[in-house]
Amino acid sequence: MRALRITTLAAAAALALAACGGGSDTAAPSASGSASPSAAAFADGSRMKELADAGKIIVGTKFDQPLFGLKGLDGQPEGFDIEIAKLIAKKLGIAEDDIEFVETVSANREPFLQQGKVDMVVATYTINDKRDEVVDFAGPYFEAGQDILVAKGNPKDIKGPDDLTGKKTCSVSGSTPASTIQTKYPQAELVLFDTYTKCRDALGNGQVDAVTTDNVILSGYVDQAPEKYELIGKPFTEEPYGIGIPEGQEEFCDFINETLAEAQESGDYGKAFESTAGEVIKDTPDLPTPPRGCDK
Amino acid sequence: MDAVLDNLDVFLEGFTTTVGLTLLAAVGALILGTLIAAMRVSPVPPLRWLGTLYVQAVRNTPLTVVFTLVVFGLPEVDVIVSFYRFAVIALTLYTAAFVAEAVRSGINSVAAGQAEASRSVGMTFSQTLRLVVLPQAFANIVPPLASVFIALLKNTSIAYAFGVFEGTQAMNRLINDNGGDVIVIIAAAALCYLVLALLSAAAFNRLERLVRPA
């Protein structure tokens, strides 16, 4: 309920602003114009109806994740997560300009959903049981895997996670990949920073021997500097990325899954991938099927 | 709550490192800071300039920037040590500037007649400073030094972003593993810092009574 009130307030504020400011004459018509026809398509009282009526959605995403959610100098976040959010918003009848992207980092995704600060989270958000206890997941919309990045030429001869024994292995503090190394490969010497870019730089300086996280993130670094880094290319975990929504919104979850399935069917899913992550990851994946289901 | 109680060992490991960083950097900063304060009151102008330059440059730079310069700058000149040592270096360099100013204020609080009397009985500048001025100065600056070192204790948390498993990184690990108890875990970490800070404050209070019998 609180989320609704905030969204409504924000929408009202946006309309008021649009009414006052002369420059934003496109915002007001698009908000009211696009929301009304599709709002009728949803059942009264459903979460979709609420969002469609508000004509606005707040999406939590990463702002520092190349290929998935990266906020550039122009202030517009871009990446595969952003495209997925746009697909869902479009289906709700919400214009791209009416999506508000809020930065969520690994540590605040659950609190933001629980407190209603965001309507959904699309932020390379790995589905796992612990998280599933406090939030709900639609999807998965992508299947990543943890991989290893090493210096060009692989001087330490690391072929997989078992070769990390005694090697300085870098990841991000409080992340799932770090947790995986701690529990499954404790013989690796784990070094943790707050961002993956620091890990990458430490690898470039020779201060660490390897960087480990999801392959999609590492691919971005190889793309930036192929003369310095190389990817082992043998993912050793399955990281299904889901769309986080507050608990108890089963209908909304089903709606998202249907939207994803339609996007796969129509080719929009593939296009979204090719225009973002696909610039580095050559094989465009299909939507992982079947969805895991929204029943608790 | 269970997320905290079941993982007390993780907290313990992390905050032990926090304490270690604080103690090592405190000793380093006390030595370096006193030297810089001595430079700032020395009769040799270039030393004074150097001391002033150091204090102004370091005190007016964010700690995160100092960390970045140390952790990623020193390897550029082939100085590569463990991330723990890098953290101690960064914290020492940063805190020394604040210690230097506290010590300098203490030196200035010692009546000029003390130094004049020492010089007139034939003591050198360094003897005057070591045997007459600094002992009185330190007695006067226990409260401001306490503030500097409590700030240092909290500043060690920046090391979490630079490859050191200390209290804040322990907190982050638990947050990722226990998405449902985020606030409890953060509160527990805050409590750890609070307890450590209160303990250091108590120690400094005791020290203050010891050095100022009046």
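**Reading helices, a sheet and a contact between chains**

Modeller: Let's start with a pair of helices: Gly167(B), Thr168(B), Met171(B), Leu174(B) and Ile175(B) in H9(B) meet Val182(B), Ile185(B), Ile186(B), Ala189(B), Cys192(B) and Tyr193(B) in H10(B). By class, this contact divides into 9 nonpolar, 2 polar and no charged residues. Please keep in mind throughout that this is a predicted model.

Colleague: Thanks! At what angle do the axes of helix H9 and helix H10 of chain B cross?

Modeller: The general idea is that two packed helices are described by the angle between their axes and the distance between the axes. Here, H9 (residues 167-177) and H10 (residues 182-211) of chain B have axes that cross at roughly 165° and come within 9 Å. Angles over 145 degrees count as roughly antiparallel, so H9(B) is roughly antiparallel to H10(B). The crossing of H9(B) past H10(B) is right-handed.

Colleague: Let me try another pair. How do helix H5 and helix H8 of chain B pack?

Modeller: The reading goes just as before. H5 (residues 83-109) and H8 (residues 142-155) of chain B pack at an angle of about 170°, and their axes are 9 Å apart. That angle makes H5(B) roughly antiparallel to H8(B). On the H5(B) side, the contact is made by Leu91(B), Thr95(B), Phe98(B), Val99(B), Ala102(B) and Ser105(B). H8(B) brings Pro144(B), Leu145(B), Val148(B), Leu152(B) and Asn155(B). The classes in this contact are 8 nonpolar, 3 polar and no charged residues.

Colleague: I see steps of three and four in such lists. Why do residues three or four places apart point the same way?

Modeller: An α-helix has 3.6 residues a turn, so residues that are three or four places apart point the same way. You can follow this on H5(B), where Leu91(B), Thr95(B), Phe98(B) and Ala102(B) are among the contact residues.

Colleague: How many helices and strands are there in chain B?

Modeller: Chain B has 10 helices and 0 strands. Along the sequence the pattern reads α-α-α-α-α-α-α-α-α-α. Its C-alpha atoms fill a box of roughly 70 × 50 × 25 Å along the principal axes. Of its 214 residues, 40% are buried. Among contacts in chain B with a separation of 6 or more, 77% are between residues 24 or more positions apart.

Colleague: On to chain A. In what order do the 5 strands of the open sheet stand?

Modeller: In chain A the order is S10-S9-S11-S8-S12, and the pairing is mixed. S10 and S12 of chain A stand at the edges with a single partner strand each, so one side of each has no neighbour in the sheet. On average, neighbouring strands are turned by 30° against each other, direction ignored.

Colleague: Which strands do bridges join to S11(A)?

Modeller: S8(A) is joined to S11(A) by 4 bridges, and the two run antiparallel. Asp147(A), for instance, has Thr213(A) in S11(A) as its bridge partner. S9(A) (residues 168-172) is joined to S11(A) by 2 bridges, and this pair runs parallel. There, Cys170(A) stands opposite Val211(A).

Colleague: Is helix H9 of chain A enclosed by the rest of the structure or left open?

Modeller: Count its buried residues: 7 of the 10 in H9(A) (residues 215-224) are buried, so the helix is largely enclosed by the rest of the structure. The buried ones are Asn215(A), Val216(A), Ile217(A), Leu218(A), Ser219(A), Gly220(A) and Tyr221(A). Their packing partners in chain A include S7, H8 and S11. H9(A) lies across S8, S11 and S12 of chain A and runs at about 150° to S12(A).

Colleague: Last one! How many residues does the contact take from chain A and from chain B?

Modeller: The contact takes 20 residues from chain A and 19 from chain B. On the chain A side, H5, H6, H7, S10 and H8 each supply at least two residues. The chain A side divides into 6 nonpolar, 8 polar and 6 charged residues.

Methods: Residues are numbered from 1 along each chain as its sequence is written. Chains are lettered from A and ligands numbered from 1 in the order in which they are written. This is a predicted model: local features need pLDDT of at least 70, side-chain atom pairs count only at pLDDT 80 or more; totals for chains, interfaces and linings use all residues. A residue is buried if 20 or more other C-beta atoms lie within 10 Å of its own, exposed if 12 or fewer, and partly exposed in between; C-beta atoms are placed from the backbone. Two residues are in contact if their C-beta atoms, placed from the backbone, lie within 7 Å. Ala, Val, Leu, Ile, Met, Phe, Trp, Tyr, Cys and Pro count as nonpolar, Asp, Glu, Lys and Arg as charged, and the others, Gly among them, as polar. Two strands pair if DSSP finds at least two bridges between them. Axes are lines fitted to C-alpha atoms, for helices over the stretch in contact, and angles run from 0 to 180 degrees between N-to-C directions. Angles under 35 degrees count as roughly parallel, over 145 as roughly antiparallel, 65 to 115 as roughly perpendicular and the rest as oblique. A crossing is left-handed if the near helix is turned anticlockwise from the far one by less than a right angle, and right-handed if clockwise.
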